[in-house]
Amino acid sequence: MNYSLKRVLIIFISFSIFAGTVNLLIITSSYSNKNEHEFWLIHTYEVLDLVSQLKVQVKSAETGQRGYLLTEDLEYLVPYNQGMNLSLNTFEVLKIKTKDNPTQQKRLNELNGILNQKFSELEQTIQFAKKGAMDEAKNLVKTDVGRHLMKEIELVLLAFGQEERYLLNKRTREYIEAKSLHSTSVIILECVYIILIVWLIYSIRDKVLKPLRVLGLYIKNYPESEKFEIAKDSNCIEVS
């Protein structure tokens with residue numbers, strides 16, 4: 001199909017505006033999606049880190065309790081109190097961080113009851129020790145109630161962590177797919193743009209440069225005996 005140069009330029013400029021608009025929309029949408037995916041990836045890593053912290057903090061409280069029962073040294077109550085307070089704080093942060101996940105909230109409700117039992121058991125043994133009833137404190141420890149409660153805490157945290165790792169893998173795949181889709185869209189758009197530029201160059205050559213070249217040859221071969229004048233203004237110089 002034979003297009004005039006004017007139509008070619010109109011098509012090129014129109015597509016340039018269209019391509020620029022689409023590019024802007026893709027970049028804006030991609031940036032928004034990228035931020036959202038990055039937010040959830042960071043969020044999941046934070047939750048996994050909190051799970052690890054909670055497990056360490058509960059064990060720290062238990063270690064402080066065991067140390068106090070063995071030595072009756074009040075220094076061991078420092079890690080006990082710190083571990084218990086940090087555990088409660090970490091637990092509350094976990095509840096806030098996973099409020100969008102009903103399954104994890106259900107696990108945290110279960111964990112809350114176990115933690116309360118565990119800290120109650122630890123506190124009870126310490127109070128026995130403070131009153132001088134070491135036999136009662138040791139007998140409570142020997143019942144293995146504390147060990148079983150710790151095992152239950154670890155199992156709940158294990159399930160909690162597995163859920164978060166599953167979400168991490170899923171969100172990582174979504175992040176990679178979003179980046180791939182963005183890259184593919186941009187590449188396709190740029191390829192079409194390059195094709196249009198080549199078409200424009202070809203059209204300019206065919207409708208401007210080629211006629212000028214023919215005109216130049218015609219002027220060169222024009223008989224010198226005949227008068228042939230061309231205005232010497234700036235436009236003629238530019239065309240030359």
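The views below show a predicted model, in which local features need pLDDT of at least 70 and side-chain atom pairs count only at pLDDT 80 or more, while totals for chains, interfaces and linings use all residues. Residues are numbered from 1 along each chain as its sequence is written, and side-chain values use heavy atoms, with hydrogens and water left out.

**View 1. Arg-66 and Glu-62 meet in a salt bridge.**
A salt bridge here is a side-chain nitrogen of Lys or Arg within 4 Å of a carboxyl oxygen of Asp or Glu, and the structure holds six of them. For Arg-66 and Glu-62, the N to O distance is 3.7 Å. The two residues sit four apart in helix 1, so about one helical turn separates them. Helices are DSSP runs of H or I with at least four residues, numbered from the N terminus. Glu-62 is buried at 14% relative accessibility, whereas Arg-66 is partly exposed at 26%. Buried means under 20% relative accessible area, exposed over 50%, and partly exposed in between, using a 1.4 Å probe and protein chains only.

**View 2. A salt bridge joins Lys-97 and Glu-46.**
Here the N to O distance is 2.6 Å. This pair links distant parts of the chain, with Lys-97 in helix 2 (residues 77-97) and Glu-46 in helix 1 (residues 5-71), 51 residues apart. Lys-97 is partly exposed, with a relative accessible area of 26%, and Glu-46 is also partly exposed, at 32%.

**View 3. Tyr-80 is one of the residues that touch the most other members of the largest nonpolar core.**
A nonpolar core is a set of buried Ala, Val, Leu, Ile, Met, Phe, Trp, Tyr and Cys residues joined through side-chain atoms within 4.5 Å. At least two core residues come from each of helix 1, helix 2, helix 3 (102-130), helix 4 (134-142) and helix 5 (145-220). Apart from this core lies another, of seven residues, including Phe-15, Leu-189, Leu-196 and Leu-200. Look around Tyr-80 itself: leaving aside neighbours within four places in sequence, its contacts (heavy atoms within 4.5 Å) include Ser-60, Ala-61, Gly-64, Phe-119 and Ile-126.

**View 4. Helix 4 has buried residues and, on the other side, exposed ones.**
Met-134, Ala-137 and Leu-140 are buried. Seen down the helix axis, the buried residues fall within an arc of 125°, so they line one face of helix 4; the arc is that of the directions from the axis to the C-beta atoms. On the other side, you will find Asp-135 and Lys-142 exposed. Asp-144 follows helix 4 and has a positive phi, near 65°. The side chain of Asp-144 also meets that of Arg-147 in a salt bridge, at 3.1 Å from N to O.

**View 5. Phe-39 and Trp-40 form an edge-to-face pair.**
The structure holds one aromatic pair. The ring centres of Phe-39 and Trp-40 are 5.2 Å apart and the planes stand at 75°, so the pair is edge-to-face. Rings of Phe, Tyr and Trp (its six-membered ring) pair if their centres lie within 6.5 Å; planes under 30 degrees apart count as stacked, over 60 as edge-to-face and the rest as tilted. Phe-39 is partly exposed at 47% relative accessibility, and Trp-40 is partly exposed at 25%.
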